[in-house]
Amino acid sequence: MNYKIFQICFEDRQIPLVDPLLTPFDNTSNEKPELREFHSFNRIIDEGFADDLDAWGVFGPRWRSKMRYEANTIKDAVDNNDGYDVYIFNHARVQNALTANVWEQGDYFHPGIKQVVRSAFIAGGYDTNALDNVMTDSTCYCSYFVATKAFWLEYIAFVKDIKEKLEALTGEDAEIYHGSANYSRDPNLNMFPFIVERLFSTFLQMKEYKVYSQPYDYSVYKNQINDFSKVLESLYGIKRVVVEKQSQELFEHWNLLRLYFAKTHPDLFNLD
């Protein structure tokens, strides 16, 4: 499979630092900073950067520190697992262990995000049940994934449709959507970039793509939280069984445990 993993460079100094296994993508002009990575997603398609590719990924410049592994791990996963439409490299292992899905997690950091997306889904005629599903392996934050051209084209069309519905919101929904997303690195950003990175996981829930997910290694947190990493690993293991067995009883057990640890150790959310 002919593929590339682009790394978006927002500053000139980032370009020479790109890992040799990745391809620098110059976005130093950054014409639409309010769109964050989504602007580069569209440029790569619209300006022909992916014309000769079967698949590609578009990573932000902080991917290495977030994922906690090197580019060769990503390349080996893609090269050694043929036949998938999407390859996920989710860095947010803790978030996935402690929250039901990307929207519950989103509401924790960006209050109101699920409300406005639900309204956009209703306006677009989409099934809002997709926003409530418990998510496990087919979950990704920060757009750390590699996907086929067919996937990218359908996914981008979906996001553009949701964006159109979001822009047309009124009343309280519009105030939430256009207001600050409470992002510490840029308080001026509205909800859109944070909606985009969560729409990916919901889109996978709605479709029948074949997905490879890089297995989680909770030992990467060991130096920060010692053996507590095993607790997170166990919580995520229970959550996976909840989804596999579709067991409400197991869900209640997981829910009690994860709420206890989330409330007594809120600092865990900062690990990712």
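The model is predicted, with local features requiring pLDDT of at least 70 and side-chain atom pairs pLDDT 80 or more, while totals for chains, interfaces and linings use all residues. Residues are numbered from 1 along each chain as its sequence is written, and side-chain values use heavy atoms, without hydrogens or water.

α9 comprises 15 residues (192-206) and reaches 20 Å from its first C-alpha to its last, close to the expected 21 Å (1.5 Å times one less than the number of residues). Because 13 of its 15 residues are buried, α9 is largely enclosed by the rest of the structure; buried means under 20% relative accessible area with a 1.4 Å probe, protein chains only.

The largest nonpolar core has 72 residues, of which F89, F151, Y155 and I195 touch the most other members. Such a core is a set of buried Ala, Val, Leu, Ile, Met, Phe, Trp, Tyr and Cys residues joined through side-chain atoms within 4.5 Å. Beyond its neighbours within four places in sequence, Y155 is in contact (heavy atoms within 4.5 Å) with F145, V196, L199, F200 and F203. A second, separate core of 20 residues includes V94, A97, A100 and I225.

Of the 272 residues of the protein, 50% count as buried. The C-alpha atoms fill a box of roughly 50 × 45 × 35 Å along the principal axes. Among contacts with a separation of 6 or more, 73% join residues 24 or more positions apart.

How values were computed
Helix = DSSP H or I, 4+ residues; strand = E, 2+ residues; numbered from the N terminus.
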